Amino acid sequence: MKLYMHAAACSLSPHIICRELGLDIELVQVDRQTHRTSDGEDYLAINGNGYVPALILDDGKVLTEGPAIVQFLADSVPEGAAMLPDVGDIRRNEVQSYLNFITAELHKPMVLLFNPIYSSVHGEVRALISKRLTWLNGRLAGPYLTGDAFTVADAYLFVCLNWSPWTDIDLKQWPDLHGFMARVAARPKVREALQAEDLEAFDADGVYFAPHAYLASSGRTGSPVRP
């Protein structure tokens with residue numbers, strides 16, 4: 001399978017799931033400006049929306065949208081039931097509920113904060129995100145969203161919250177979420193994914209990660225991730 005991605009983007013979520021499940025995956029970088037892939041393809045011919053992630057299966061089928069991709073990956077191997085319980089198990093629906101919440105209430109609003117076009121409403125968007133994070137901070141059922149098991153929703157949440165320093169959101173206002181970030185960042189397979197995308201830890205707690213070029217452009221320094 002091929003996973004089309006940008007470093008540290010939402011495509012990091014299915015990348016982490018592949019590592020956690022031991023799935024063989026080829027990472028293909030996509031240039032944000034030209035939409036050309038690192039292996040010379042026109043990404044718009046693969047995903048006409050132009051954004052990542054996209055997953056090309058061994059039979060050539062293309063699957064897009066991160067929440068759908070991570071569920072497919074978890075369902076593709078027996079071990080995936082730990083990360084996404086079987087159909088008919090209410091815990092599966094709980095994980096899916098969090099996937100929907102993250103994509104609608106965190107992912108999309110946070111993306112707006114990266115775009116200067118929406119600068120006039122950034123304050124309102126940030127206030128909305130803060131409200132959602134306050135709710136989420138009180139919902140953690142254990143070390144992870146639904147309890148002791150690391151699920152596909154946890155990988156997605158980790159990736160979105162990793163953008164906090166770039167959107168002027170201080171996650172330390174929500175201690176449980178900040179602790180969540182540290183726990184996920186310490187997982188060996190998560191660290192493998194971070195290293196494979198050449199991401200660097202750049203804050204004192206070592207729970208936020210970004211590409212070197214992105215850090216350099218903002219005057220920050222980082223240290224490479226070691227599994």
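Strand β5 (residues 199-201) is joined to β6 by 3 bridges, and the two run antiparallel. Here a strand is a DSSP run of E with at least two residues, a helix is a DSSP run of H or I with at least four, and both are numbered from the N terminus. Two strands count as paired if DSSP finds at least two bridges between them. Within this pair, A201 stands opposite F209 in β6.

Before going on, a word on what you're looking at: this is a predicted model, where local features need pLDDT of at least 70 and side-chain atom pairs count only at pLDDT 80 or more, while totals for chains, interfaces and linings use all residues. Residues are numbered from 1 along each chain as its sequence is written, and side-chain values use heavy atoms, with hydrogens and water left out.

**Strands and how they pair**

Back to the sheet. It is open and has 3 strands in the order β6-β5-β7, with antiparallel pairing. β6 and β7 (223-224) stand at the edges with a single partner strand each, so one side of each has no neighbour in the sheet. Strands of a sheet pair through backbone hydrogen bonds, either parallel or antiparallel.

Which strands pair in the parallel sense over 4 bridges? That would be β1 and β2. Y4 stands opposite V28 in β2.

**Salt bridges**

Now for the charged side chains. A salt bridge is a side-chain nitrogen of Lys or Arg within 4 Å of a carboxyl oxygen of Asp or Glu. By this rule there are 8 salt bridges, including the ones in this table:

| Pair | Closest N and O atoms |
|---|---|
| K2 and D39 | 3.2 Å |
| K189 and E192 | 3.3 Å |

Take K2 and D39, which form a salt bridge. K2 lies in strand β1 (residues 2-5) and D39 in the loop between β2 (26-29) and β3 (54-56), so the pair ties together parts that are 37 residues apart in sequence. To talk about how covered they are, we need cut-offs: buried means under 20% relative accessible area, exposed means over 50%, and partly exposed is in between (1.4 Å probe, protein chains only). K2 is partly exposed at 24% relative accessibility, and D39 is partly exposed too, with a relative accessible area of 35%.

Is each of them buried or partly exposed? D75 is partly exposed, with a relative accessible area of 45%, whereas R92 counts as buried at 10% relative accessibility.

K189 and E192 both lie in helix α7 (residues 188-196), 3 residues apart, which is about one turn of the helix. K189 is partly exposed at 32% relative accessibility, and E192 is partly exposed with a relative accessible area of 27%. R19, K189 and E192 are linked in a network of salt bridges.

**An enclosed helix and a buried tryptophan**

Helix α5 (residues 152-161) has 10 of its 10 residues buried, so it is largely enclosed by the rest of the structure. Among them are D154, Y156 and C160.

W166 is found in the loop between α5 and α6 (175-185). At 16% relative accessibility, W166 counts as buried. The C-alpha atoms of W166 and M110 are separated by 9.5 Å, though the two are 56 residues apart along the chain.

**Pockets**

Rolling a probe the size of a water molecule over the atoms shows where empty space is left.On a 1 Å grid over the protein atoms alone, a cavity is a set of points where a 1.4 Å probe fits but cannot get out, while a pocket is an open set with protein on both sides within 12 Å along at least five of seven lines; lining residues have an atom within 4 Å of a point. Grid points are joined across faces, edges and corners, and a volume is the space filled by probe spheres set on the points.

The largest pocket holds about 780 Å³ of space. It is lined by 28 residues, and H6, A9, C10, R32 and V111 are the closest to its centre. α3 (90-112) is one of the elements that supply at least two residues of this lining, and α3 gives the largest share, 4 residues. By class, the lining has 17 nonpolar, 8 polar and 3 charged residues. (Ala, Val, Leu, Ile, Met, Phe, Trp, Tyr, Cys and Pro count as nonpolar, Asp, Glu, Lys and Arg as charged, and the others, Gly among them, as polar.)

The second largest pocket holds about 160 Å³, and the lining of that pocket has 5 nonpolar, 3 polar and 5 charged residues.
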